[in-house]
Amino acid sequence: MKRLQATELLELAEICTTSEVHAFEAGLLELVRRHVGFDFAMFRRKQNYGAVTVGFDPGLLREIVPFWPRFITEGLRTLKGEPAVAADAEWFSRRQLDAALVQRLLARPSGEASGVSLLSWWRGRCVAHLRIGRRHGGFSRAEIDRLRAFMPQIRLSESLRYVQSKFPASALSERSAACKLSAREREIVSYLGLGYTNEQIAAACGSSVHTVRNQLSRAYEKLGVASRAEAVSVLTSAR
């Protein structure tokens with residue numbers, strides 16, 4: 001997989017740590033447009049569209065909302081494992097694409113000739129889906145590799161967004177026996193629920209491993225726990 005340069009990592013980290021959804025989506029699409037390019041783009045989370053859509057007709061997107069469960073079922077039936085980037089040309093035969101409901105109801109009416117899905121998974125569940133497409137031509141191997149290089153940070157951001165929607169900060173605060181966790185401590189504890197290492201958390205937060213260790217230590221004290229497993233247990237029980 002292609003490695004990102006330091007400046008690219010910093011830009012991607014800044015985008016992915018943005019809490020406001022519209023700013024995150026707009027920033028990410030601008031980055032993807034510069035490095036890869038597309039005519040169509042849309043986000044899907046928890047069966048809802050994201051804040052930013054490019055190219056697709058809003059009326060058509062509203063019309064096909066009832067069909068999304070079938071779209072997802074068809075797609076997951078074809079995908080093997082949990083790919084981060086699923087290019088139509090790599091994962092689907094021409095016959096499968098021609099038969100797919102999403103192609104008949106969305107791609108063809110929109111004029112999309114080729115597409116790539118950027119998928120964020122959490123515990124076997126696809127929690128976020130960014131679809132980009134082109135009117136003409138396909139996506140090259142180098143472009144797909146570049147998208148794959150973006151995915152670790154994107155997945156961290158989308159998974160955290162999903163976990164925080166399931167385990168709100170207010171619930172975590174109520175579980176704290178001593179005092180409320182700070183916003184950053186709540187973020188760090190949420191990452192524990194994803195199963196990430198201190199190094200991965202540091203990369204997602206744009207901080208050092210030493211800083212993460214200190215923040216976890218303070219969070220453990222406030223939660224009244226002594227280990228990562230206990231902190232995750234508190235997080236889970238706060239659902």
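I am working from a predicted model.

**The strand**

I began with strand E1, residues 40-45. Is E1 covered on one face or on both? I found both faces covered. Phe 40, Met 42 and Arg 44 are buried on one side. Ala 41, Phe 43 and Arg 45 are buried on the other. Six of the six residues of E1 are buried, so the strand is largely enclosed by the rest of the structure. I kept the general rule in mind: side chains in a regular strand alternate between the two faces of the sheet.

**Its partners**

Next I looked up the pairing. E1 runs antiparallel to strand E5, residues 125-134, over five bridges. In E5, His 129 is the bridge partner of Arg 44. Strand E2, residues 48-54, is joined to E1 by four bridges, also antiparallel. There I noted Thr 53 as the bridge partner of Met 42. E1 and E2 make a hairpin with two residues between them. Lys 46, in the turn, has a positive phi of about 50 degrees.

**The largest pocket**

I read a volume of about 780 Å³ for the largest pocket. Its lining counts 37 residues, and His 129 is among those nearest the centre, with Trp 68, Phe 71, Ile 72 and Gly 75. E1 and E5 are among the elements that give two or more residues to this lining. Which element gives the largest share? Helix H4 does, with eight residues. By class I noted 21 nonpolar, seven polar and nine charged residues.

**The second largest pocket**

This one has a volume of about 240 Å³. Helix H8 gives the most to its lining, four residues.

Definitions and conventions. Residues numbered from 1 in each chain as written. Predicted model: local features only at pLDDT ≥ 70, side-chain atom pairs only at ≥ 80, totals over all residues. Heavy atoms only, no water. Buried < 20%, exposed > 50% of the residue type's maximum accessible area, 1.4 Å probe, protein only. Pairing = 2+ DSSP bridges. 1 Å grid on protein atoms, 1.4 Å probe; cavity = no way out; pocket = protein on both sides within 12 Å on 5 of 7 lines; lining within 4 Å. Points joined across faces, edges and corners; volume = space filled by probe spheres on them. Nonpolar A, V, L, I, M, F, W, Y, C, P; charged D, E, K, R; others polar.
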